[in-house]
Structures are given as structure tokens and as C-alpha cells.
Amino acid sequence: MNPTFKYAIPGYYFFYSRLKTKPEKISWFFILPLPILLFALIQGYSGREIFILPTFQFVIFYLLYEIGYMYNDCFTVTKEKNPHFWVPEPETKVIREYYIAVVLIRLSSVLIVSAFILKLYFYEEQNRANLLLVILFANNCFFWLHNYFRSRYNILIYFGLAYSKYLFFLLPFNCYKMEIDFLIGTLLIFPIIRTIEYSSKEKFSIELFDGIRKKRHLARVIYYFNATCISIFIFWPEKKWILMLCYFLSYRIATLITDWNFRNSSNLRNLKS
């Protein structure tokens with residue numbers, strides 16, 4: 001396949017470069033697509049409406065988001081002392097060669113898909129579409145800033161990246177209302193813990209978060225347990241965010257148990273050998 005078209009397919013580069021293993025793909029499904037579906041069901045949506053619009057959102061989101069990934073992998077890493085190559089180095093040269101063409105195809109695709117969505121969903125609700133576009137624009141601005149800076153500023157920028165992503169996908173199922181409970185709930189379910197985990201990377205040298213890096217599965221369970229308790233205090237008797245956090249807590253408990261079992265079985269094999 002011509003590299004121009006291969007790298008222009010939405011989702012291809014993300015799955016190819018970031019979700020290389022089966023566990024990583026499964027984890028992505030449980031922390032983004034499934035929570036969106038769950039939130040839609042909790043909010044009373046059903047049928048095609050919980051699949052069609054999110055599908056278009058994913059297409060538009062990754063058409064733009066992966067431009068940032070490719071720029072990072074092909075250009076930004078060349079400025080780093082110890083670069084991490086997400087794809088084989090020879091392949092980054094190919095992407096670099098076709099980068100402009102890929103970007104143009106992706107931007108053209110965004111315009112076409114956006115026009116279709118506007119006609120299908122927002123013909124009489126232009127303000128709703130504008131709100132989603134502002135969030136999407138902000139997300140991409142955060143990504144370009146993330147590619148530009150290489151310091152602790154990236155922690156704040158990464159927070160903006162994670163927060164704007166979840167706002168973009170969940171907002172349609174909150175009737176496009178940016179209410180305070182929606183903003184707090186969206187913040188609690190993912191952006192905070194993801195930013196804390198990102199802060200624990202060795203390159204930032206923040207000793208406070210060293211334990212989180214070493215025991216991230218346990219740290220996630222502790223976070224979601226506390227966040228669930230806080231949500232009961234903040235939102236009760238409203239249950240939607242409590243249910244969302246209970247979902248994430250259950251998932252993180254399951255991953256913690258899976259990790260423990262895997263480590264124990266590995267240690268057992270090592271003893272036998």
C-alpha cells in the first residue's frame with residue numbers, strides 16, 4: 001500500500017505505534033470506548049445514537065490526533081538526547097518523506113466528515129457543533145505544545161490533552177451542557193490519575209511519584225477507591241458519576257489481580273527452572 005494512504009487511515013498509526021500488544025489494545029477499549037458507551041447508557045441513550053456519533057467522533061479525533069503522533073515520532077524525537085522511537089527508524093524516514101501529503105489528506109478528510117456530521121446531526125444546532133470543535137481545537141493545541149516543550153511544563157500540557165479528550169467524547173451524551181458536575185466528573189474518571197502517572201516518569205525526576213511508577217496498578221486502585229468515595233460526597237443523590245467511577249474502580253481491581261497472578265505464575269516458573 002502507498003505510504004501516503006496507509007498513514008492517512010484514521011486509527012492506523014495509533015494502533016500500530018502505541019498499542020502494539022494485545023493487552024494494550026484491550027486496555028484502550030476499557031478506558032475509552034467502553035466508558036463512553038456506559039456513560040451514554042446511564043444518561044438514557046440507546047440504539048444507533050450511542051454508536052453512530054461516537055464513531056464519527058473517533059474518526060475525526062484520530063485523523064487530527066495522529067498528526068501530532070507522527071510529528072513527534074519523526075521530528076520532535078530528533079531533538080532529544082535519548083530518543084525513543086515508537087516505530088522502526090527506517091519507517092520514520094518514510095513518514096517524514098510523505099508527511100505533508102499525509103497531513104493534507106487527513107485535513108481534507110476531517111473537512112468532509114465534519115460537513116457530513118453537521119448536516120446529519122447539527123443542522124439546527126450549530127452552537128453544539130461549535131462547542132465540540134472548540135474542544136477538539138484545544139486538544140490539538142495541547143498536542144502541539146506537548147511536542148514543542150520538553151520539560152515539566154509537559155505535565156500540565158498532558159493534563160490538558162487527557163481532559164479535553166474525555167470532554168470531547170462525553171459531552172454529546174450530557175446534552176452538550178458544560179455543567180460543573182460534568183466538568184468535575186470527567187476530571188475524576190481519568191485525567192487526574194493519568195496525569196499523576198505521567199508525572200511519575202523518570203525523566204521528570206519527581207521523587208514524590210516514584211512509588212506510583214513502581215506500583216501503578218495498586219496506585220490506580222487506591223486512586224479510584226478514593227475518587228469513588230469523594231464522588232459520593234460531591235454528587236449524591238445523583239448517581240451517574242458514582243457509577244462511572246465504580247466501573248473504573250472495578251476495572252482497575254481486575255487489572256491489579258491479573259498483574260498479581262501473572263507475577264506469581266512467572267515467579268513460580270522461575271523457581272521450577
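1. The protein chain of this predicted model has 13 helices and zero strands. Read from the N terminus, the order of elements is α-α-α-α-α-α-α-α-α-α-α-α-α.

2. On overall dimensions, the C-alpha atoms fill a box of roughly 60 × 55 × 35 Å along the principal axes.

3. Among contacts with a separation of 6 or more, 74% are between residues 24 or more positions apart. The accessible surface of the protein chain is about 15300 Å², and carbon and sulfur atoms account for 66% of that surface.

4. Asn139 lies in helix H7, residues 126-148. Is Asn139 buried or exposed? Its relative accessibility is 1%, so Asn139 counts as buried, the cut-off being under 20%. Apart from neighbours within four places in sequence, Asn139 contacts Phe61, Tyr65, Leu161, Ser164 and Lys165.

5. A nonpolar patch on the surface is formed by Leu218, Ile222, Ile253, Ile257 and Trp260, which together have about 440 Å² of accessible area. Helix H12 (216-235) and helix H13 (240-272) are the elements that give two or more residues to this patch. H13 supplies the largest share, three residues.

6. Within the patch, Ile222 belongs to helix H12. The relative accessible area of Ile222 is 46%, so this residue is classed as partly exposed; buried would require under 20% and exposed over 50%.

Note on methods. Residues are numbered from 1 along each chain as its sequence is written. This is a predicted model: local features need pLDDT of at least 70, side-chain atom pairs count only at pLDDT 80 or more; totals for chains, interfaces and linings use all residues. Side-chain values use heavy atoms; hydrogens and water are left out. Patches are made of residues with over 30% relative accessible area and no salt bridge: like charges are joined within 9 Å, nonpolar side chains (Val, Leu, Ile, Met, Phe, Trp, Tyr) within 5 Å. Accessible areas come from the Shrake-Rupley method with a 1.4 Å probe; for residues, only the protein chains shown count as cover. A salt bridge is a side-chain nitrogen of Lys or Arg within 4 Å of a carboxyl oxygen of Asp or Glu. Helices (H or I, at least four residues) and strands (E, at least two) are DSSP runs, numbered from the N terminus. Buried means under 20% relative accessible area, exposed over 50%, partly exposed in between (1.4 Å probe, protein chains only). Contact means heavy atoms within 4.5 Å.
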